[in-house]
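Reader: I am new to this structure and would like to go through it in questions and answers. Please show it.

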Amino acid sequence: MIVSLTIVRYPKAFVPLALMAMAILRLPMLFQRKCSFYKLMGSGKNGTFDFHPDWQQWALLAVWEDEESFNRFDQNSFVSKWWKNLTAEKWTVLLQPIQTHGKWDKQEPFGEPNLTDYQGPIAVLTRATINLNRLKNFWQNAANIASIMTSAPGYITSLGVGEDPFLHQATISFWQDLEAVKNFAYRSPKHVEVIKKTRSENWYSEELFARFVPLKAWGTLRGKNPLQGFVDDAATKNDASFTG
């Protein structure tokens with residue numbers, strides 16, 4: 001199994017086509033036989049849960065049988081040709097699941113991996129379906145979590161994505177190592193307080209947490225590769241940094 005996350009940015013003039021793509025690209029994705037799960041998503045503006053969408057930036061997260069299956073898709077599919085002709089930027093990272101907990105649309109898209117001895121850069125996916133009667137509680141705390149995360153030691157970058165701007169939200173964050181993740185998640189008093197609220201106030205009807213090894217990253221997002229210097233660039237290296 002390999003997981004791909006591709007982020008694309010459209011020119012401002014092409015925003016209507018970006019909105020159309022959310023519907024149009026679903027059909028060719030259905031015909032990707034080697035893809036077991038995918039989500040076409042929009043993006044927030046501030047790299048985390050964000051009430052204000054970035055209408056130029058969109059995402060595709062997909063689970064593939066193997067890297068070869070992804071490569072065929074990336075080189076020859078209708079989706080990749082759409083991106084090539086209509087987007088201004090495209091950035092992709094390949095991910096290896098190492099730990100997961102929870103469900104996404106009642107599925108366990110990343111299997112049940114449990115690799116505990118990995119050392120190196122790590123990606124963390126936090127995804128939730130927010131209860132309608134808890135929307136206010138969630139959004140009142142979202143900005144605080146973002147500011148805590150981006151100032152945490154070991155933080156590299158993050159991306160806010162979601163199937164819609166309000167109810168189905170996800171953050172994918174990248175960290176220098178697992179210790180940095182643990183320090184943020186379990187030893188930051190403000191973050192721990194918010195986590196307790198999610199439980200006591202029942203914010204979510206469904207949630208999923210997953211950790212990944214980022215294998216390769218290439219392309220640009222706002223003029224640069226956000227993982228440059230942390231993860232292999234597939235344009236210059238052919239071998240993944242993870243061999244477990």
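Reader: How many bridges join strand S1 to S3?

Author: This is a predicted model, in which local features need pLDDT of at least 70, side-chain atom pairs count only at pLDDT 80 or more, and totals for chains, interfaces and linings use all residues. Residues are numbered from 1 along each chain as its sequence is written, and side-chain values use heavy atoms, with hydrogens and water left out. Strands (E, at least two residues) and helices (H or I, at least four) are DSSP runs numbered from the N terminus, and two strands pair if DSSP finds at least two bridges between them. S1 covers residues 2-9 and runs antiparallel to S3, and the bridges joining them number eight.

Reader: In what order do the eight strands close into a barrel?

Author: The pairing in the barrel is antiparallel. Neighbouring strands of this sheet are turned by 35° against each other on average, direction ignored. The order is S1-S3-S2-S6-S7-S5-S8-S4.

Reader: Which element gives the largest share of the lining of the largest cavity?

Author: A cavity is a set of points on a 1 Å grid over the protein atoms alone where a 1.4 Å probe fits but cannot get out, and lining residues have an atom within 4 Å of a point. The largest cavity is lined by residues including Tyr 10, Met 22, Leu 40 and Trp 58. Helix H1 (15-24), strand S2 (35-44) and strand S3 (53-64) each give two or more residues to this lining. The largest share, three residues, comes from H1.

Reader: What is the angle between helix H3 and helix H4?

Author: Axes are lines fitted to C-alpha atoms, for helices over the stretch in contact, and angles run from 0 to 180 degrees between N-to-C directions. H3 holds residues 67-76 and H4 residues 78-86, their axes lie 5 Å apart, and the angle is about 45°.

Reader: Why is H3 called oblique to H4?

Author: Angles under 35 degrees count as roughly parallel, over 145 as roughly antiparallel, and 65 to 115 as roughly perpendicular, with the rest oblique. H3 and H4 pack at about 45°. That angle makes H3, relative to H4, oblique.

How values were computed: 1 Å grid on protein atoms, 1.4 Å probe; cavity = no way out; pocket = protein on both sides within 12 Å on 5 of 7 lines; lining within 4 Å.
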